[in-house]
Amino acid sequence: MPGTRLTAKTQECTLLEKKLKAAQTAIAALFRDNEALRQQLAKDASSTVTPFRPRGPH
């Protein structure tokens with residue numbers, strides 16, 4: 001029956017759309033986390049001082 005096939009395809013599209021939205025949400029969250037980690041790494045790296053010569057007696 002044509003109606004049954006259309007209903008099945010509509011349900012399949014709805015399921016795929018929900019999966020796509022979930023993937024988009026996860027990707028956006030990962031992107032935000034990644035940006036926050038990059039900022040934290042940059043802040044930590046900029047506060048570290050590396051001496052030009054070893055410490056200790058000259």
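1. Is Lys21 buried, partly exposed or exposed? Lys21 is partly exposed, with a relative accessible area of 48%. Here buried means under 20% relative accessible area, exposed means over 50%, and partly exposed lies in between (1.4 Å probe, protein chains only).

2. The model is predicted: local features need pLDDT of at least 70, side-chain atom pairs count only at pLDDT 80 or more, and totals for chains, interfaces and linings use all residues. Residues are numbered from 1 along each chain as its sequence is written, and side-chain values use heavy atoms, with hydrogens and water left out.

3. Helix α1 covers residues 2–46.

4. Of the 58 residues in the protein chain, 0% count as buried. The chain exposes about 5,900 Å², and carbon and sulfur atoms supply 64% of that area. Accessible areas come from the Shrake-Rupley method with a 1.4 Å probe; for residues, only the protein chains shown count as cover.

5. The whole structure contains two salt bridges. A salt bridge is a side-chain nitrogen of Lys or Arg within 4 Å of a carboxyl oxygen of Asp or Glu.

6. Glu17 is partly exposed, at 44% relative accessible area.

7. Lys9 pairs with Glu12 in a salt bridge, the closest N and O atoms being 3.4 Å apart. Because Lys9 and Glu12 are three residues apart in helix α1, they are separated by about one helical turn. Lys9 is partly exposed at 45% relative accessibility, and Glu12 is partly exposed at 39%.

Note on methods: Helix = DSSP H or I, 4+ residues; strand = E, 2+ residues; numbered from the N terminus.
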